[in-house]
Amino acid sequence: MLDIKRIPTGAWIGLLVTGVFLICAVFAPWLAPHGNAEIVGGVWEPMSSTHLLGTDNIGRDLLSRMIYGARITIFIAVLATALSFSLGAILGFTAAVVGGWFDTGMSRLVDLLMSIPTLIFGLVVLSVLPSNVVTLILVMGVLDSTRVYRLSRAVAVDINVMDFVEAAKLRGEGMVWIIFREILPNALSPLISELGLRFIYAVLFLSALSFLGLGVQPPNADWGGMVKENKDGIVFGIPAALIPAAAIALLAISVNLVADWILNRTTDLKGGRGNG
Amino acid sequence: MSSPILKLVAQRLALGVVLLFAVSVLIFAGTQILPGDVAQSILGQAATPQALANLREQLGLDDPAYVRYFRWLGGVLTGDLGKALTSGQDIATSIGGRLENTLFLAGCAAVVAVPLAILLGLLAVRYRNGPIDKLISGLALASTSFPEFFIGYLLVYFFAVKWQIFPAISTVFDGMPFLQRLQAVVLPAAALTLVVLAHMMRMTRAAILNVMQSAYIETAELKGLRPIDIIRKHAFPNAIAPVVNVVMLNLAYLVVGVVVIEVIFVYPGMGQYLVDHVTKRDVPVVQAVGLVFAAVYILLNIVADIAAILANPRLRHPK
């Protein structure tokens, strides 16, 4: 079904770059030339053959930090996205199937949560919560699940009135069956293309939090945290902070390219535009 | 102005007030969700029992949550936002000047971003599927993927460090001459503009394209009007409502973007104030600033709704 020759160039680039980042994330300890917290040289050494990307604000190898940073960034973003998707989709489907007070209550609560900008509410909550990775994933996941809830509820409401769902209900199937066996398979294609966008959003949100000093805590650092560590070098003309920032942008663009292609492919399956 | 429209507007405003109260509950609850004790989390594990007891008393933590909420709300409604835990300064006074700075920065960005986004959106529609359109949507894709600090530090690296045209740090103070102040905010305002521009442009393009599919546009095409005239005379007036909506929604987005941008440029505004005090776990300040941000955000959303009502004749005269 998947014809490799028909994958457009943009999607190829996206897949390739995303793949490289994923490999870095998974095999970080074997790929990185130096340890994550190992001090190997002077402060902010320029790029050289020993340190391909130079060194950071306290003399650690920037390339190694970047590779470990990929691992932390992608790990947290993936878990937060997984949480937001399972939570948002299950609640959204349930709201659509159950209807009534549950639907109204959930939808108003989500409206309320979405009326405060995510970053602002995230900061408010993080001001009292302990700063660790678990809290971070929970906060990011729960706040982002509101978007997934909206989408999955809208999709499920349409599917819920279809004849085959009606038939399943008359057959006496329980709610769990309706949600997971009738609605979920039919709602999958719009949800999957949303998955890429939510992942990008999680990466950007995490980076923003870490950049503000409220995300991953030192000595570990994700890419946003590395920008924070090295930002003071900018005014001396040392571009070390721009490298992790560019990596975030590159990851986001390549995932975007892949998500676009998947979106086109899934609309193809329903007789949409035919561009691979 | 007819009465149904007044009624609609009044409804939106009332809804906004209700929403604001609900949001204040949510923000207050957001700082209470810790199963343990706020005092403990502020002072850390090493705090002495005496210090904990003092802070509890200072925060009124011995009262039940709803009592504290209404005490806080009462204060907010009478303009008393309490005192900062860390510095003991009055929060309302600190917010005053900073809110002005933030609105000035956001205003500067909006003045540039809004006309530019609409113009580029129009151009993209005029030459749609051509190279200009492709270039614009490519840039839009890129810039929605860029974190704010990437754009910010790129600007600093080139304009402040390499070419030394603008200052890297935006110092502003009371009584600063207007032009000097303007020069200080050029870089942060440019960064903010770039952050919202692409999104605004894409939504403008979509809004106008939507109108372009109407039958009267086809008629205009068939009677031989030039494409730019069709857009100017027929499409744009009908697209005003959605475009105003787009603009307002993006201004709301801009208010959030301000947080990160202010930290990058060490700009003395609300965002910087919020982030500083989140790090210090200064709960009263965080609650107050969070509420102000939420209020501005909700206000802009209401203005977007009302503008859409005012600009749309079908909503103005509902059947």
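The model is a predicted one, with local features needing pLDDT of at least 70 and side-chain atom pairs counting only at pLDDT 80 or more, while totals for chains, interfaces and linings use all residues. Residues are numbered from 1 along each chain as its sequence is written, with chains lettered from A and ligands numbered from 1 in the order in which they are written.

The buried set of α1(A) is Ala11(A), Gly14(A), Thr18(A) and Phe21(A). Looking down the axis, these buried residues fall within an arc of 100°, so they line one face of the helix (the arc is taken over directions from the helix axis to the C-beta atoms).

As for the contact, chain B puts in 42 residues and chain A 38 (two residues touch if their C-beta atoms, placed from the backbone, lie within 7 Å). On the chain B side, α7(B) gives the largest share, 9 residues (helices are DSSP runs of H or I, at least four residues, numbered from the N terminus). By class, that side has 33 nonpolar, 6 polar and 3 charged residues (Ala, Val, Leu, Ile, Met, Phe, Trp, Tyr, Cys and Pro are nonpolar, Asp, Glu, Lys and Arg charged, and the others, Gly among them, polar).

Elsewhere in chain B, just after α4(B), Gly79(B) takes a positive phi of about 80°.

Methods: Buried ≥ 20, exposed ≤ 12 C-beta atoms within 10 Å, placed from the backbone. Helix = DSSP H or I, 4+ residues; strand = E, 2+ residues; numbered from the N terminus.
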